[in-house]
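Please read the explanation below alongside the sequence and the coordinates. It starts from one pair of side chains and then widens to the fold.

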Amino acid sequence: ANETALHQLAKQIIAEECKILVPQRAVSLFEVGINSLPKETGDKIPKWVFREPMTVYAQSVELEKHLEKFTPDVLMKTDRGELLVEIFVSHRVNDDKKDKAREYGSAMLEIDLSSFSEKPLSSDELRNIILNSEKHKRWLHYPVSCEVLDIAKKYYEAKIKEHGIDTAE
């Protein structure tokens with residue numbers, strides 16, 4: 001029951017406030033096609049940040065709106081396009097739904113409230129997580145242009161060279 005209430009309350013807060021703080025969006029080495037580095041080497045290179053954390057304001061919010069092939073928990077329509085929000089309390093978004101969101105083309109964010117399913121969380125604490133915190137949030141899909149990927153790749157190539165890392169292996 002707490003799980004359902006938490007899920008419902010999170011959606012209600014977004015619908016009432018018509019805004020959400022979204023986390024930064026970094027472009028990974030993998031996204032630009034550099035996947036030959038050992039993980040520990042890649043971890044030494046700072047991520048290239050495409051967007052800093054920011055509050056996204058919605059012109060409208062729809063809950064459980066059925067789209068082409070799936071139904072996100074929240075659909076926010078903003079001046080930058082649509083943002084899909086999933087609330088994770090007991091079930092993460094599965095790969096099938098992520099794939100459908102990618103096909104649809106809108107950014108998709110997951111708010112992970114699973115650690116609060118058993119312990120109490122006040123509505124003010126939940127409101128703070130949604131409106132003011134990057135914690136408990138991750139991008140499931142955030143489309144970036146080829147131009148952005150090219151810039152990120154040049155950044156990573158320069159960092160690899162700067163660190164004297166040999167990628168020819």
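Which side chain meets that of K159 in a salt bridge? The partner of K159 is E162, with an N to O distance of 3.6 Å. A salt bridge here is a side-chain nitrogen of Lys or Arg within 4 Å of a carboxyl oxygen of Asp or Glu. K159 and E162 are 3 residues apart in helix α5 (residues 146-162), and are therefore separated by about one helical turn. Helices (H or I, at least four residues) and strands (E, at least two) are DSSP runs, numbered from the N terminus. K159 is buried, at a relative accessible area of 19%, whereas E162 is exposed, at 57%. Buried means under 20% relative accessible area, exposed over 50%, and partly exposed in between (1.4 Å probe, protein chains only).

The model is predicted, so local features need pLDDT of at least 70 and side-chain atom pairs count only at pLDDT 80 or more, while totals for chains, interfaces and linings use all residues. Residues are numbered from 1 along each chain as its sequence is written, and side-chain values use heavy atoms, with hydrogens and water left out.

The protein chain has 5 helices and 9 strands. Along the sequence they follow the pattern α-β-β-α-β-β-β-β-β-α-β-α-β-α. Buried residues account for 41% of the 169 residues in the protein chain. The C-alpha atoms fill a box of roughly 55 × 35 × 30 Å, taken along the principal axes. A contact is counted when heavy atoms lie within 4.5 Å. Of the contacts between residues at least 6 apart in sequence, 70% join residues at least 24 apart.

Side chains of opposite charge can pair when their charged atoms come close. The whole structure contains 15 salt bridges. One of them joins K11 and E64, at 2.7 Å from N to O. This pair links distant parts of the chain, with K11 in helix α1 (residues 2-17) and E64 in the loop between β5 (60-63) and β6 (74-78), 53 residues apart. K11 counts as buried because its relative accessibility is 5%, whereas E64 is partly exposed at 37%. Leaving aside residues up to four places away in sequence, K11 touches L63, E64, D73, V74 and I87. The side chain of K11 also makes a polar contact of 3.0 Å with that of Q8. A polar contact is a pair of N or O atoms within 3.5 Å; within protein, one must be able to donate a hydrogen and the other to accept it, and residues adjacent in sequence count only if both atoms are side-chain atoms.

Another salt bridge pairs K65 with E62, the closest N and O atoms being 4.0 Å apart. K65 is partly exposed, with a relative accessible area of 33%, and E62 is also partly exposed, at 26%.

Next comes the sheet. Its 5 strands form an open sheet in the order β5-β6-β7-β8-β9, with mixed pairing. Because β5 and β9 stand at the edges with a single partner strand each, one side of each is left without a neighbour in the sheet. Two strands pair if DSSP finds at least two bridges between them. β8 and β9 run antiparallel and are joined by 4 bridges. E110 has R138 in β9 as its bridge partner. Helix α3 packs on the sheet, touching β7, β8 and β9, and its direction makes about 65° with that of β9. Axes are lines fitted to C-alpha atoms, for helices over the stretch in contact, and angles run from 0 to 180 degrees between N-to-C directions.

Which residues of helix α3 (residues 95-104) are buried? They are K97, K98 and A101. These residues lie on the same side of α3, because they cover an arc of only 100° around the axis; the arc is that of the directions from the helix axis to the C-beta atoms. Their cover includes β7 (81-88), β8 (107-112) and β9 (137-141). The face turned away from the buried side of α3 carries the exposed residues D95 and E103. At the start of α3, a side-chain oxygen of N94 comes to within 3.2 Å of the backbone nitrogen of D96. Just after α3, G105 takes a positive phi of about 100°.
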